[in-house]
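Before turning to the details, please keep the sequence and the coordinates side by side.

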Amino acid sequence: MPTRWRIEIDKSRCQGSGVCVGLAPDYFELGPDQKSYPRQLVADEHVAAVAECCPSEAITLTAEDAG
Amino acid sequence: VDDLATHSSGDKHLYFEMDEDYSYLHDHGERVVWLDYEKGMWLVGGHQELTEILGDDETFSSAHDLPNGRTPFKGVMVPPTPVRAVPIEMDPPEYFNFRRALAPRFNAASVRALSPRIVEYTNWCLDQVIEAGEADLFNDLIKLVPAMVTLHVLGLPVEDAALAADAVHRTGPDRFHLNPTWIHLYQRIRAAVDARRQEPADDLISYLQQIEVDGKRFTDLHIFEMAFTLIIGGMSTTAKLLLGAFSYYGVNKAERDRARADPQLIAEAVEEFLRYYSPVSFLTRTTTRDVCVAGKQIKKGDRVAFGFAAANRDPQAFDQPNSICIGRTPNRHLAFGHGMHFCMGSNLGRSEAATVIETVLGRIPEYELVPESVLAGEPGRKGRWGQRLMRGLPVAFPPGPRTGPGASLAPDFRMTTLP
């Protein structure tokens with residue numbers, strides 16, 4: 001059973017570096033406030049690895065069962 | 001020299017901490033221009049345009065093919081380096097695993113752990129000059145501390161900091177040529193890579209040898225390339241930021257007193273120094289297709305300079321862009337770039353700068369700039385702040401006692417010199 005992840009972004013930490021948007025544009029976008037917003041509610045393991053690259057450590061992924 | 005910032009004598013205007021070169025494009029209403037520099041390249045200096053193309057890594061490639069000149073892809077440095085700068089000179093998908101591997105070594109917790117050591121390195125530099133009551137703050141401290149920190153992070157001998165700093169602050173077409181200093185540094189990297197294979201330590205080289213990403217390990221060449229990149233990316237950057245900061249505080253005494261009284265304010269000052277002094281004034285890319293930016297037709301294979309410093313003075317993005325406004329909000333500067341290549345060491349650079357400022361202001365809070373520091377500018381065009389690198393930052397202050405560096409450095413610690 002594949003693991004799925006729920007994306008959450010801590011707006012107080014996000015500095016709008018654009019790292020997540022650059023690495024996974026299908027999953028993240030910058031809002032007019034220059035903060036990152038998830039474009040999808042669930043992510044795969046690639047996005048989990050992208051979250052590790054955030055210089056502000058603002059992205060949290062919570063594993064949830066697929067289904 | 002009561003007020004060095006605005007003092008003028010005859011037709012020579014003397015400026016201390018200001019540099020308006022970066023606003024040249026905007027003074028002429030240009031967003032993108034062609035430069036006759038290194039065989040010609042575009043310079044993008046509009047904040048909005050630059051932010052957009054920083055998100056288009058497919059069109060604006062970071063790739064670097066060696067030997068230089070074999071293809072149009074020359075990476076991000078000017079002149080192109082003899083070693084590929086990894087991972088900044090990589091495109092996806094190759095880039096991703098490198099970024100992912102390095103990230104935990106440069107996160108907030110890793111940087112916090114380095115803080116006591118940064119204080120001790122700063123104190124060692126201050127100890128060398130504090131009894132004399134005068135110093136060249138750039139050559140005696142500012143250029144050294146970021147070099148010491150970078151060498152420590154990598155696991156290379158910290159006593160090479162003076163050599164390494166002089167190598168990376170060199171400008172001109174021969175800055176990366178194989179001279180005795182670069183040969184020495186390359187040998188140090190190779191020796192460390194060999195030694196850590198036998199006996200790992202708590203340093204970046206050991207970490208990169210041990211980590212697996214997608215079931216694969218990094219090669220010795222990749223580790224060498226990453227060490228090279230940290231040397232060219234971690235030293236002159238923070239040093240230029242600090243040079244700006246201490247020039248500014250030398251002139252703006254009220255802000256200096258405020259920072260000293262409440263060191264919590266230093267972080268927001270650093271943010272504005274990042275915008276104003278933009279230590280990395282530009283990096284280059286190579287286009288993979290014809291593209292139009294701000295009405296300019298850029299051809300496939302053209303070199304494009306991403307003008308971070310110019311964009312950080314764009315009046316369309318910042319009110320009073322040529323004034324240093326500590327506490328500026330919002331401050332969407334591009335000093336660290338933007339997008340997937342956003343500076344790997346941003347947390348370290350910010351923290352290092354704030355720590356050095358706090359430590360120096362704690363020990364020589366009343367340093368004065370001496371007249372030799374003053375730059376002469378042409379009438380109508382303010383002094384070029386970059387010249388400060390050549391001139392250093394001579395200061396005077398009431399002599400004080402040595403404190404000792406603490407546990408990080410041996411009592412007889414000395415910088416390496418080459419014969």
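A cavity, on a 1 Å grid over the protein atoms alone, is a set of points where a 1.4 Å probe fits but cannot get out, whereas a pocket is an open set with protein on both sides within 12 Å along at least five of seven lines; lining residues have an atom within 4 Å of a point. Grid points are joined across faces, edges and corners, and a volume is the space filled by probe spheres set on the points. The model is predicted, and local features need pLDDT of at least 70, side-chain atom pairs count only at pLDDT 80 or more, and totals for chains, interfaces and linings use all residues. Residues are numbered from 1 along each chain as its sequence is written, chains are lettered from A and ligands numbered from 1 in the order in which they are written, and side-chain values use heavy atoms, with hydrogens and water left out.

By this rule the structure holds two cavities of 30 Å³ or more. The second largest cavity has a volume of about 40 Å³, and its lining consists of B:Y249, B:E255, B:R258, B:A259, B:L265, B:A269 and B:I326. Helices (H or I, at least four residues) and strands (E, at least two) are DSSP runs, numbered from the N terminus, and helix 12 of chain B, residues 253-261, supplies the largest share of this lining, three residues. For the classes, Ala, Val, Leu, Ile, Met, Phe, Trp, Tyr, Cys and Pro count as nonpolar, Asp, Glu, Lys and Arg as charged, and the others, Gly among them, as polar. The lining of the second largest cavity then divides into five nonpolar, no polar and two charged residues.

The largest cavity has a volume of about 90 Å³, and of the 14 residues that line this cavity, A:C14, A:S17, A:C20, A:S36 and A:C54 are the closest to its centre. Its lining has eight nonpolar and six polar residues but no charged ones.

Two or more lining residues come from each of helix 2 (47-54), helix 4 (108-129), helix 13 (266-277) and helix 15 (346-363) of chain B, and helix 15 of chain B gives the most, with five residues. By class, the lining of this pocket has 12 nonpolar, 18 polar and 10 charged residues.

How do the chains meet? Taking contact as heavy atoms within 4.5 Å, 18 residues of chain A are in contact with 15 residues of chain B. The two chains bury about 1,300 Å² between them, 59% of it on carbon and sulfur atoms, where buried area is the accessible area (1.4 Å probe) that two parts lose on being put together, summed over both. Six residue pairs across the interface, both at pLDDT 80 or more, are in polar contact, that is, a pair of N or O atoms within 3.5 Å, of which, within protein, one must be able to donate a hydrogen and the other to accept it, and residues adjacent in sequence count only if both atoms are side-chain atoms. On the side of chain A that touches chain B, helix 1 (19-23) and helix 2 (45-52) of chain A are the elements that give two or more residues, with the largest share, four residues, coming from helix 2 of chain A. That side has eight nonpolar, seven polar and three charged residues.

Side chains of opposite charge can pair when their charged atoms come close.

Finally, the backbone. Most residues other than glycine have a negative phi, and most peptide bonds are trans. A cis peptide bond joins B:L66 and B:P67, with omega about -5°, and B:P67 lies in the loop between strand 5 (60-61) and helix 3 (94-102) of chain B. The bond from B:T329 to B:P330 is also cis, with omega near -10°, and B:P330 is placed in the loop between helix 14 (308-311) and helix 15 of chain B. A:E57, although not a glycine, has a positive phi of about 50°, and A:E57 is found in the loop between helix 2 and strand 5 (59-65) of chain A.
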